[in-house]
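Here's a quick tour of a protein chain for anyone new to reading structures. Have a look at the sequence and the 3D view, then work through the notes below.

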Amino acid sequence: MTATKTKASCRKKKVVKDEGTLGGFTIIEVVLVLAIAGLIFLMVFIALPALQRSQRDTQRGSDMSKLAGAIMNYQKNNNGRLPADSKQDPIQEVDGVVLMTNYNCNNGSSANAACRVIKDYINGVSVTDNEWVDPDGYAYGLAIVTYGSGAYTEGWSPDYDHTFYMVKSSRCDGESIRKSDNSRDYAVLYRMEGSGVSCQDNG
C-alpha cells in the first residue's frame, strides 16, 4: 500500500513539473525579441533610402552613357565638331514639365546647341517638352561649356542641380576635370545624389 502511494505521488509530481515547463515568455524574453525587431526595423529604415539613392545613381550613370553616345553621333554627323556652347540654365518648368522653349529649338541652325543634342540625338523629344528626366522626376538639363570659361577650369566639379555639364577641351581627372590640348576632347560630369561626381570623357 505504501509503495503504491509513493509511485502515484511520483507520477503526480512529474506531471506538475511538466506543466510548469509549458508556461509563457518571461519579461526578459519579450524585451529581447522587441529589441531585436526594433534593431531590424532601424537597419531597414536606414538602409532603404541608401539603396534607393544607389539605384537612382545607377540609372543616372546609364543616362550619362546615353548622352555620351548622343554627343558621339553628333560629332559623326558634323565632321567631328562638338556642339557650340549653350546657355547654362536654359530650362523652365511648368506643371512638372520642363519646357525647351528657352533652348530656341525652332531657330534652325542657330538653335541652342543643348536643345539640338537633346531633341535630335537623345530621344527625339518634341520642341516644347523635355522627356529626358532624372529618376527623381526632375527633367535633366544640359550645359555645354568650354574649359577655361568662367569656373570651368581644373578641379571644377558640378553641384547637384539635375544638369549634365559637357566641358569641351577637357578630360576627366577623378571627379573633376583637367585641360586637354585637343579641341575635340570633352568631359561630361554629373553630380550624383549619393556617390560624388561621375565623369566620362571621350578617351
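**What covers helix H3**

The buried residues of H3 have H2 and E3 among the things that cover them. Keep in mind that this is a predicted model. Taken as a whole, the chain has three helices and eight strands, and 33% of its 203 residues count as buried.

**The overall layout**

- If you read along the sequence, you get the pattern α-α-β-β-α-β-β-β-β-β-β.
- Look at the contacts in the chain with a separation of 6 or more: 51% of them come from residues 24 or more positions apart.

**Helix H3 and its partner H2**

- Which residues of H3 are buried? They are Ala113, Ala114, Cys115, Val117, Ile118 and Ile122.
- Helix H2 covers residues 27–77 and helix H3 covers residues 113–122; they pack with their axes 10 Å apart, at an angle of about 95°.
- Angles of 65 to 115 degrees count as roughly perpendicular, so that is the label for how H2 and H3 sit relative to each other.
- On the H2 side, the contact is made by Lys66, Leu67, Ala70, Asn73, Tyr74 and Asn77, while H3 brings in Arg116, Val117, Tyr121 and Ile122.
- Sorted by class, the H2 contact with H3 has six nonpolar, two polar and two charged residues.

**One disulfide**

- The count of disulfides comes to one, and the pair behind it is cysteine 172 and cysteine 199, with sulfur atoms 2.0 Å apart.
- Cysteine 172 sits in strand E5 (residues 170–173) and cysteine 199 in strand E8 (residues 197–201), so the pair ties together parts that are 27 residues apart in sequence.
- Is the link between cysteine 172 and cysteine 199 left-handed or right-handed? It's left-handed, with -90° about the S-S bond.
- Both cysteine 172 and cysteine 199 are buried.

- You'll find histidine 162 in the loop between strand E3 (141–146) and strand E4 (163–168).
- The side chains of histidine 162 and aspartate 136 are joined by a polar contact of 2.8 Å.
- Leaving out residues up to four places away in sequence, histidine 162 touches Asp134, Asp136, Tyr138, Ala139, Tyr140, Gly141 and Tyr190.
- Glutamine 75 has its place in helix H2, and its 14% relative accessibility is why glutamine 75 counts as buried.
- With residues up to four places away in sequence again left out, glutamine 75 touches Gly80, Arg81, Leu82, Arg184 and Tyr186.

**Positive phi without a glycine**

- Asparagine 79 isn't a glycine, yet it has a positive phi of about 55°.
- To spot asparagine 79, go to the loop between H2 and strand E1 (92–94).
- Is asparagine 79 buried or exposed? At 62% relative accessibility, asparagine 79 counts as exposed.
- Serine 169 is a residue other than glycine with a positive phi, near 60°.
- The loop between E4 and E5 is where serine 169 lies, and at 13% relative accessibility serine 169 counts as buried.

Methods. Residues are numbered from 1 along each chain as its sequence is written. This is a predicted model: local features need pLDDT of at least 70, side-chain atom pairs count only at pLDDT 80 or more; totals for chains, interfaces and linings use all residues. Side-chain values use heavy atoms; hydrogens and water are left out. A disulfide is a pair of cysteine sulfur atoms within 2.5 Å. Helices (H or I, at least four residues) and strands (E, at least two) are DSSP runs, numbered from the N terminus. Buried means under 20% relative accessible area, exposed over 50%, partly exposed in between (1.4 Å probe, protein chains only). A polar contact is a pair of N or O atoms within 3.5 Å; within protein, one must be able to donate a hydrogen and the other to accept it, and residues adjacent in sequence count only if both atoms are side-chain atoms. Contact means heavy atoms within 4.5 Å. Axes are lines fitted to C-alpha atoms, for helices over the stretch in contact, and angles run from 0 to 180 degrees between N-to-C directions. Angles under 35 degrees count as roughly parallel, over 145 as roughly antiparallel, 65 to 115 as roughly perpendicular and the rest as oblique. Ala, Val, Leu, Ile, Met, Phe, Trp, Tyr, Cys and Pro count as nonpolar, Asp, Glu, Lys and Arg as charged, and the others, Gly among them, as polar.
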